[in-house]
Each structure stands twice: as C-alpha cells, then as structure tokens.
Amino acid sequence: MSRMTGRARRSLLALGAFCAGLLATEAAFAADPPAASRTLNAIRERGSVICGVQNDNPPFSLPDSQGQWRGLDVDSCRALAAATLGDASKVTIRAVTGLTRFPSLQSGEIDVLFGSTTWTTTRESALGLVFAGANYYSGQGFLVHSRLGVKTLKELDGASVCVPPGSTTELIMQDWARKNNVTFRPVVIDDPNQIQSTFLSGRCDVFTRDLTGLSGFRARQQRPEDFTLLPEFISMEPLGPFIRKGDDGWLDIVRWTQLALLAAEQMDITAANVREQAGSATNPDIRRLLGAEGEVGPSMGLDKAWAARAIAAVGNYGEVWQRNVAPMGLPRGNNRLWDQGGLMYAPPLR
C-alpha cells in the first residue's frame, strides 16, 4: 500500500474538521434553537397576521361580493398565516394607499406590506424597510380613452395623467417624459378609487400604473372597448412584500414562505397532493420542503410542517396564479418558472 502524501493527509484532516464543524453546529442548534422573531412573537400573541394591501386592486387584492378579500397578495398573506399560526384564515387585511402604506408598516400597524409595492433602493436605505422577495414581475403601462384615437405613448404629449403622489409610478413617468421630450400634466390623487373615478369621468386623459392592474381595471368596465391599453410599458418592476428592518427572523419567514410556493410548483406539489407527498415522497428536496427530514422550519422558529401547511392552504405559485391572474387573460410572461423562460425560481430549501 502506498503511503499517504502530506497534501492528502492535510486534505483528510481538513475534511474531518469540516465534518466535525457541521456536527457541532447541528448539535448546538438542537440544544439551543433560534429565538422567534419579535414580529412572530407579536403575531402569535395576537393570533393573526396583519397584511397591508391596496383596495380594489385585482389581481392582487380586492373584496369579493361577499366582502371576502381575494387576490395574489391576499393568498401570500394567507400562506404566511398557515405557516406561522397553522390556520390560513387567521389574517387581518388592512387597506392602505400610496401615502399610508409605508407609515403603516413603520409604525407596526401592519406586519407585512404587499400593496403592489415596487422594490427600490431608497425604500430600503431611507425608509427602514426591507424587500422580502418578488411575488410578481410587472411593468408600468398606460390606459387611455379610446375616443382620443391614441395608439402610442409619444402621442400623449400634453395629456393629463391620473397618478398617485410620491409613488414610483409618478417618478418613472416623469423620468420617461424627460428622456423622451414629452410633457404630461399630472393629476395627483392618493385614493386609488378616486383615481379610477376621476379617469372614468374624463378629467384625466390617461390612467397609469402597473400593466396588470390596468388590464384588470379595463376588463371590469361595462364597455372595455371604450379604453385602449397602449402597447408600451416603461419599466420592469419587481413587486412583493416589505417588512421593517431589524427583524431578520421575520424576513426569513416571509421570504421563504413565498419561495416555498415556488419550490412546490417546481416539484409538482399541489394543494391536492401535498399531504400524500409529505407521507410518501422519497425525493430528498421534497422531503425537506414538506418537513419529512431536515430542520428548515425549526431554523426559522417554526415547526417542520410550516411549508406543507402553506401549500395546502393556497396551493403552489402556479395555482395561485391560475386562481387570481389567469381569469383576467394575462399571460404569465416573466412570472413563469425559470425553466419555462421566466424569472421565477426558488433557491434550495435545505
């Protein structure tokens, strides 16, 4: 037998030290699991997750004819309640506007802000907030009255535009206008319902916001053909939940609950088969996601079945899309999974 070289001996010793370190880390985790986040403690004491969303904002959030909140953001909130409290119905939905959404989160009035809110630098660097991950990729579009005969955005020079104050919508529009030597006359209104009624009354020539929201608004009108959705969109905007900075444990839970719904779609786990998969799957990735092995949930102060409950409550991301967005006739586009040409993917849950 040949003798071990010095390099091989050092490599073997390093491997042994690495394995010992892993074992020590696991032992320490078992003896002293991570403390629950401040926000999670408050949620458990209160018995509900409070989510801020925009009112009348399909496909993200709106009350149905019975007053029940529906939409992609609402389902994301219910998934959080299922993961943290074991019951997707334990949510409190609070309507916010462009002006009230950030103070509501900063003050602790809500636990997480959805509200079709775009990830930007200053919202993290200056407002004390942190983006927890995209649940929708959108872009800013423009809806006009068909009677104007406008076909392209540059034909709107001098037009009046309904827009919420202090929003990325207003700022992006101003930047685009400056770069393209086009002048807009903004009609600044904070209340989303008032913006819509002002546009419908004809006091604004143009209504601008994310393209998805405009499509939903147009589709709900008695005569959709009276309105033209222009083909251009002028931004790429990741939308998703924000939380307050300084609670990394809550950031982990919000971020990874959303990613769990994406991972479930990647692995063909649905609301209908999640319980069967949890008991019979042999795929290690599925077993870790659903809590059959590993310590993913306990590493965040949750139990092992946190993700399985979230998936059982609202389905995987594709099911959430089919329920809330597909009925509007919108293609998934950038919101497809990565291996289908989109931007959505889940990093390893392990």
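Student: What pLDDT does the protein chain average?

Tutor: This is a predicted model, and pLDDT expresses the predictor's confidence in each residue. Of the residues, 90% score at least 70. The average for the protein chain is a pLDDT of 88.

Student: How are helix 3 and helix 9 oriented to each other?

Tutor: Helix 3 covers residues 72–85 and helix 9 covers residues 248–266, and their axes come within 10 Å. The axes cross at roughly 115°, and angles of 65 to 115 degrees count as roughly perpendicular. Helix 3 and helix 9 are therefore roughly perpendicular.

Student: Which residues of helix 9 make the contact with helix 3?

Tutor: Helix 3 passes helix 9 in a right-handed crossing. From helix 3, the contact is made by Ser 76, Ala 79, Leu 80, Ala 83 and Thr 84. By class, the contact has seven nonpolar, four polar and no charged residues. On helix 9, the residues are Trp 250, Ile 253, Val 254, Thr 257, Gln 258 and Leu 261.

Student: Is Val 74 buried or exposed?

Tutor: Val 74 lies in helix 3. Leaving aside neighbours within four places in sequence, Val 74 is in contact with Phe 60, Ser 61, Trp 69 and Ile 93. Its relative accessibility is 0%, and the cut-off for buried is under 20%. Val 74 therefore counts as buried.

How values were computed:
Residues numbered from 1 in each chain as written. Predicted model: local features only at pLDDT ≥ 70, side-chain atom pairs only at ≥ 80, totals over all residues. Heavy atoms only, no water. Axes fitted to C-alpha atoms, helices over the stretch in contact; angles between N-to-C directions. Helix = DSSP H or I, 4+ residues; strand = E, 2+ residues; numbered from the N terminus. Parallel < 35°, antiparallel > 145°, perpendicular 65-115°, else oblique. Left-handed = near helix turned anticlockwise from the far one by under 90°. Contact = heavy atoms within 4.5 Å. Nonpolar A, V, L, I, M, F, W, Y, C, P; charged D, E, K, R; others polar. pLDDT = per-residue confidence, 0-100. Buried < 20%, exposed > 50% of the residue type's maximum accessible area, 1.4 Å probe, protein only.
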